[in-house]
Amino acid sequence: MSELLAALLLGILEGLTEFLPISSTGHLLIAQHWLPRQTDFFNIVIQAGAIIAVVLVFRQRLVSLALGWRDPVQRDYLFKLGTAFLVTAVVGLAVRKLGWALPETVTPVAWALIIGGIWMIVAERLAERRGDSPDVTWTVAVLVGLAQVVAGVFPGTSRSAAAIFIAMLAGTSRRSSATEFAFLVGIPTMFAASGYTFLELAKDGQLGQVDWTAVAVAFLAAAVTGFIVVRWLLGFIKSHRYTGFAVYRIVLGVALLLFLPSGA
């Protein structure tokens, strides 16, 4: 298989799985068991491509927040987004410097999928008992920031799942409100991660080793696919639970443990 075709397939896969709470890392792990394994820079940049989809889908919301910052409600929401991002950035950078991360091999990813799937089912049921609350509190903002760090440390957790369901447990019980906040926080988070990795590669003189054509193909594929997925998901969760995704995670995790070698 050509490098460009592999990059295209990985970009599409990233766009399909980045925003669904099923772990893009787990799916990329499966794909790269057969496709050429990519660099960390490639994987992070295609995630940023998927985030472009969120910018496009939420463009009116973003413009409203940017232009309406004088309104106390809008300003409060902006500050909470900023708080969640800062918690992720500060704690995440400390974790990265300390080297706290599990290897992206089958066993830890599979268990993260299974445990996360069970947790999703429990969390959604508990959130529903609290009523339909769309409010994002400061507690939610801080916990969403920490949840994103946890997702980075434990591959297979899913950043979107961690952020959405901790928000629902912490008080933002309405699925659409928790999902919107998690997606909006993902914009600065993933762009910052891509930028940080770019600077690390530049500092180490490794940018010449990057296949920029393959990265561009995967970036665009992730952006287009992600846009379609986000639009669909926002409509889906208005009348459906996340249970189907949780069951899928559990089945996928078990399949990984049974059919892929643990060191892969």
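Helices (H or I, at least four residues) and strands (E, at least two) are taken as DSSP runs, numbered from the N terminus. On this basis the protein contains 11 helices and zero strands. Its radius of gyration, taken over C-alpha atoms, is compared with a globule rule of 2.2 Å times the number of residues to the power 0.38. The value for the protein is 18 Å, close to the 18 Å that the rule gives for 264 residues, so the protein is as compact as a globular protein of that length. The C-alpha trace spans about 50 × 40 × 35 Å along its principal axes.

The model is predicted; local features need pLDDT of at least 70, side-chain atom pairs count only at pLDDT 80 or more, and totals for chains, interfaces and linings use all residues. Residues are numbered from 1 along each chain as its sequence is written, and side-chain values use heavy atoms, with hydrogens and water left out.

Buried residues (under 20% relative accessible area, 1.4 Å probe, protein chains only) account for 47% of the 264 residues. Of the contacts (heavy atoms within 4.5 Å) between residues at least 6 apart in sequence, 84% join residues at least 24 apart.

A nonpolar core is a set of buried Ala, Val, Leu, Ile, Met, Phe, Trp, Tyr and Cys residues joined through side-chain atoms within 4.5 Å. The largest such core comprises 62 residues, of which Val 144 and Phe 181 touch the most other members. Beyond its neighbours within four places in sequence, Val 144 contacts Ala 84, Ala 163, Ile 166, Ala 167, Phe 181 and Val 185. A second, separate core of eight residues includes Val 106, Val 109, Leu 113 and Leu 252.

Methods. Buried < 20%, exposed > 50% of the residue type's maximum accessible area, 1.4 Å probe, protein only.
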